[in-house]
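Please keep the sequence and the structure in view while reading.

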Amino acid sequence: MLPRRGYVVRNGAYVLYHAGDTRRVQGVAEAVQPQGADVAIVPISGQHGNMNGTDAARLAYESGAMMAIPCHYEMFR
């Protein structure tokens with residue numbers, strides 16, 4: 001169970017973690033790691049309460065994802 005930050009989706013042998021609109025909070029990476037996420041989709045806008053690129057990269061790394069896909073880049077002015 002994730003601590004109310006995102007979703008983990010399984011499709012066959014692959015596991016996708018989508019962080020949604022969020023900031024990096026303690027406990028999320030630890031909750032995602034046992035799920036074995038192959039890919040993490042993380043917001044990098046750094047605005048409106050969302051993570052910036054540094055926090056998103058740290059979350060993807062600490063969660064054990066093999067690949068990180070950034071989203072919400074330059075979404076807000």
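Tyrosine 17 stands opposite alanine 40 in β3. Strands here, like helices, are DSSP runs numbered from the N terminus, with at least two residues (E) for a strand and at least four (H or I) for a helix. The model is a predicted one, in which local features need pLDDT of at least 70 and side-chain atom pairs count only at pLDDT 80 or more, while totals for chains, interfaces and linings use all residues. Residues are numbered from 1 along each chain as its sequence is written, and side-chain values use heavy atoms, with hydrogens and water left out.

## Overall form

The protein contains two helices and four strands. Read from the N terminus, its elements follow the order β-β-α-β-α-β. The radius of gyration, taken over C-alpha atoms, is compared with a globule rule of 2.2 Å times the number of residues to the power 0.38. For 77 residues a compact globule would come near 11 Å, and the 12 Å of the protein agrees with this. The C-alpha trace spans about 40 × 20 × 20 Å along its principal axes.

Of the 77 residues, 32% are buried. Buried stands for under 20% relative accessible area, exposed for over 50%, and partly exposed for what lies in between, with a 1.4 Å probe and protein chains only. The protein exposes about 5200 Å², of which carbon and sulfur atoms supply 52%; accessible areas come from the Shrake-Rupley method with a 1.4 Å probe, and for residues only the protein chains shown count as cover. Contact means heavy atoms within 4.5 Å. Of the contacts between residues at least 6 apart in sequence, 57% join residues at least 24 apart.

## The sheet

The four strands form an open sheet in the order β1-β2-β3-β4, with mixed pairing. β1 (7-11) and β4 (67-71) are the edge strands, and each has a single partner strand, so one side of each lacks a neighbour in the sheet. From one strand to the next the twist averages 20 degrees. Two strands count as paired if DSSP finds at least two bridges between them.

The pairings are set out below.

| Strands | Sense | Bridges |
|---|---|---|
| β1 and β2 | antiparallel | five bridges |
| β2 (residues 14-18) and β3 (residues 39-43) | parallel | three bridges |
| β3 and β4 | parallel | five bridges |

Individual residues can be followed across these pairings. Valine 8 has tyrosine 17 in β2 as its bridge partner, and tyrosine 17 in turn stands opposite alanine 40 in β3. Tyrosine 7 is bridged to histidine 18 in β2. Histidine 18 has isoleucine 41 in β3 as its bridge partner, and isoleucine 41 stands opposite isoleucine 69 in β4. The chain passes from β3 through α2 to β4 in a right-handed β-α-β crossover. That term applies if, with the strands pointing away from the viewer, the path from the first strand over the helix to the second runs clockwise.

In a regular strand the side chains alternate between the two faces of the sheet.

## Helix and loops

Helix α2 (residues 53-63) lies across β2, β3 and β4 and runs at about 160 degrees to β3. Axes are lines fitted to C-alpha atoms, for helices over the stretch in contact, and angles run from 0 to 180 degrees between N-to-C directions.

Glycine 49 belongs to the loop between β3 and α2. Its relative accessible area of 31% makes glycine 49 partly exposed. Glycine 49 touches Thr22 and Arg23, residues up to four places away in sequence not being counted.

Glutamine 35 sits in the loop between α1 (28-32) and β3. Glutamine 35 is partly exposed, at a relative accessible area of 24%.
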